[in-house]
Amino acid sequence: MALLPILSFPDPRLRTKARPVTVFDAALRQLANDMFETMYAAPGIGLAASQVDQHIQLIVMDLTEDKNQPQVFINPVVTPLTEDCVPYEEGCLSVPEVFDKVDRPSRVRIDALDLDGTPFSLEADGLLAVCIQHEMDHLDGKLFVDYLSPLKKQRIREKMQKRERQLSRQKPAATENTRRSASSP
Ligand code: K1U
Ligand code: ZN
């Protein structure tokens, strides 16, 4: 098991579109396990492979406080089941310490594969519906800050860049992220 570095906004690698998974092997299982370890340590309730610079359609999630209901979604397709949208104060491990309201359809159907490549479907509402839509956006290169006003997004970008500078002063080895994100839009 390994803790993986999580990319931070505005790193341009977060804008990469994830490709479908075609091989269900030990390496995929290992990546999913490492993503769970990374998500639990953060701590978070979801993580898309895009956030750890692996651009495949793989999402891990665990919405429980006891961290005992791990869920894996591979090549997921999410279909809204209602036009009703509900606001939820979202957070993101790639935009640390920022929370804001996003409106999303309140009920969705999820069609996905598990780690063996076996298809499954479920209907989701509440936090599961919010979280899967947030993670699907990651696979599509989209972030929750993209739903906010340009002014809010700019302030968040500046806050992240300041945070990145402070972190790289404390820990010079963390400069790779800073270099890559400094020139991004
Ligand atoms: O994708 C991510 O960046 C993970 C994100 C998922 C998410 C949370 C809330 C709404 C939509 C999507 C997080 O996990 S942020 C951290 C968080 O919400 C949390 C952390 C510890 C306990 C409970 C929640
Ligand atoms: Zn996120």
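I'll start with one pair: A112 has F120 in β7 as its bridge partner. Some ground rules before I go on. This is a predicted model, in which local features need pLDDT of at least 70 and side-chain atom pairs count only at pLDDT 80 or more, while totals for chains, interfaces and linings use all residues. Residues are numbered from 1 along each chain as its sequence is written, chains are lettered from A and ligands numbered from 1 in the order in which they are written, and side-chain values use heavy atoms, with hydrogens and water left out.

Back to the strands. β6 (residues 107-113) and β7 (residues 119-125) run antiparallel and are joined by 7 bridges; strands pair if DSSP finds at least two bridges between them. Strands are DSSP runs of E, at least two residues, and helices are runs of H or I, at least four, numbered from the N terminus. β6 and β7 make a hairpin with 5 residues between them, and G117 in the turn has a positive phi of about 85 degrees.

Now the cores. A nonpolar core is a set of buried Ala, Val, Leu, Ile, Met, Phe, Trp, Tyr and Cys residues joined through side-chain atoms within 4.5 Å, where buried means under 20% relative accessible area with a 1.4 Å probe, protein chains only. The largest has 18 residues, and M35, L58, V60 and I74 have the most contacts inside it. α1, β2 (58-61) and β3 each give two or more residues to this core, and α1 gives the most, with 6. Leaving out residues up to four places away in sequence, M35 touches L4, L47, A48, A49, V52, L58 and V60; contact means heavy atoms within 4.5 Å. Apart from this core lies another, of 15 residues, among them A18, M61, I110 and A124.

Last, the pockets. On a 1 Å grid over the protein atoms alone, a pocket is an open set of points where a 1.4 Å probe fits, with protein on both sides within 12 Å along at least five of seven lines; lining residues have an atom within 4 Å of a point. Volume is the space filled by probe spheres set on the points. How many residues line the largest pocket? There are 43, with I6, S8, A42, L93 and P96 nearest its centre. Its volume is about 1,200 Å³, and α2 gives the most to the lining, with 6 residues. The second largest pocket has a volume of about 280 Å³. Of its 15 lining residues, V78, Q133, M136, D137 and D140 are closest to its centre.

Key
Buried means under 20% relative accessible area, exposed over 50%, partly exposed in between (1.4 Å probe, protein chains only).
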